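Reader: I would like a close look at one part of this protein, with the charged side chains and the strands around them taken in turn. Please keep it plain.

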Amino acid sequence: MEYVMKTQSLSKRYKKFTALDGLTMNVPKGAIYGFVGRNGAGKTTLIRIITGLQPQSEGEYEVFGAKGSTKEIYASRARMGAIVETPSIHLDCTAEENLLSMYRIMGLPKDGRIKELLTLVGLGDTGKKRVKNFSLGMKQRLAIAMALCNKPDLLILDEPINGLDPQGIIEIRELIIKLNREKHITVLISSHILDELSRLATHYGFIDKGRIVKEMSAEELEDQCKKCLSVTVSDMGALTEYLESNSADYRIANDNSADIYSQIRINELVTTLDSKGCEVLHISEREESLESFFINLIGGEANE
């Protein structure tokens, strides 16, 4: 498999705090790579290092085959577009004026792509409207347009849907998918909003405390986020005794409920528990979400 970005044992320390701790990850060419982690896990630190905003303490990274410690990295970064933390947008200017400013900063020729870019991100009809009057979703789409000025092969987006309303989230999601499928841009998107990532990512990297806990494709994740039977009972002890005696794969959800991943005979379960004085209060089938998978993977709450 070809990778557009790789890191090897990458670390970043700030005095007594370690933001990245030997992080190793691989972003496949053509992927929408969901970089998943709770706030403070190290996502933005990794992005700042890759984009050249700060150096690493140890380890190495590559972008399009160029190592970060070599002069070739500058040419590779020229093939990247990125939104890191708060986008630099001139609020008193129009969308077109913002793009013109970005072209000047990057030393790019005015090749007539500005109107094309604005149309691509859904801002083609904003005319002389000042950005300060844009919705948050429109500002985020403008920021993406600015990141696309240099025709990047890799687009890096740091928490692009934070604070957006449902309609804004849908618009950003559809834009990212369009850029990936129609423009063949590899996208690295960091987020702690896991349900939304599950709607667009083709690959995932789960980060916790500065380390990659697991990398997998969307297909592999789907296999692991398998369907389960959620059972609520009056006596958890009786339920776990039955499950253990049948070597069932299960997880206790709370004091009265468990998620059962193995195939079981419901009639047998109900009859056996009834004989032990345990009442089955509720049974339902559900599929494990990305959020619950992440919580099980690292422990604790996903959106801290």
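Why does Glu287 count as partly exposed?

Author: This is a predicted model, and what follows is computed from it. Glu287 counts as partly exposed because its relative accessibility is 46%, and buried would mean under 20% while exposed would mean over 50%. The residue lies in strand 14, which spans 280–287.

Glu287 also belongs to a negative surface patch, together with Glu219, Glu220, Glu222, Asp223 and Glu285. Two elements, helix 8 (218–224) and strand 14, each supply at least two residues of this patch. Helix 8 gives the most, with four residues.

From the patch, turn to the salt bridges. The model has 15 salt bridges. One of them joins the side chains of Arg38 and Asp208, with N and O 3.6 Å apart. This pair links distant parts of the chain, 170 residues apart: Arg38 sits in the loop between strand 3 (32–36) and helix 1 (43–50), and Asp208 sits in strand 9 (residues 203–208). Arg38 and Asp208 are both buried.

A further salt bridge is formed by Glu196 and Arg173, whose closest N and O atoms are 2.6 Å apart. Glu196 is in helix 7 (residues 194–197) and Arg173 is in helix 6, so this pair ties together parts that are 23 residues apart in sequence. Both Glu196 and Arg173 are buried. For Glu196 the reason is a relative accessible area of 7%, which is under the 20% limit for buried.

Glu196 has another partner in Arg199, and their side chains meet in a salt bridge at 3.8 Å, N to O. Arg199 is partly exposed, because its relative accessible area is 46%. With Asp195 included, the residues Arg173, Asp195, Glu196 and Arg199 are linked in a network of salt bridges.

Helix 6, where Arg173 lies, covers residues 166–182 and also holds Glu171. Glu171 is partly exposed, because its relative accessible area is 25%. In space, the C-alpha atoms of Glu171 and Gly137 are 7.7 Å apart, although the two residues are 34 residues apart in sequence.

Strand 7 (residues 154–158) is mostly covered, with five of its five residues buried. Leu154, Ile156 and Asp158 point one way from the strand, whereas Leu155 and Leu157 point the other way, and all of these are buried.

Strand 7 pairs with two other strands, strand 6 and strand 8. Strand 6 (residues 80–83) runs parallel to strand 7, and four bridges join the two. In this pairing Met80 stands opposite Leu154. Strand 8 (residues 186–191) also runs parallel to strand 7, and five bridges join them. Here Asp158 has Ser190 of strand 8 as its bridge partner.

To return to the question, Glu287 is partly exposed because 46% is its relative accessibility, and its place is in strand 14, within the negative patch.

Methods
Residues are numbered from 1 along each chain as its sequence is written. This is a predicted model: local features need pLDDT of at least 70, side-chain atom pairs count only at pLDDT 80 or more; totals for chains, interfaces and linings use all residues. Side-chain values use heavy atoms; hydrogens and water are left out. Patches are made of residues with over 30% relative accessible area and no salt bridge: like charges are joined within 9 Å, nonpolar side chains (Val, Leu, Ile, Met, Phe, Trp, Tyr) within 5 Å. Accessible areas come from the Shrake-Rupley method with a 1.4 Å probe; for residues, only the protein chains shown count as cover. A salt bridge is a side-chain nitrogen of Lys or Arg within 4 Å of a carboxyl oxygen of Asp or Glu. Lys and Arg count as positive and Asp and Glu as negative; His and the chain ends are not counted. The place of a charge is taken as NZ of Lys, CZ of Arg, CG of Asp or CD of Glu. Buried means under 20% relative accessible area, exposed over 50%, partly exposed in between (1.4 Å probe, protein chains only). Two strands pair if DSSP finds at least two bridges between them.
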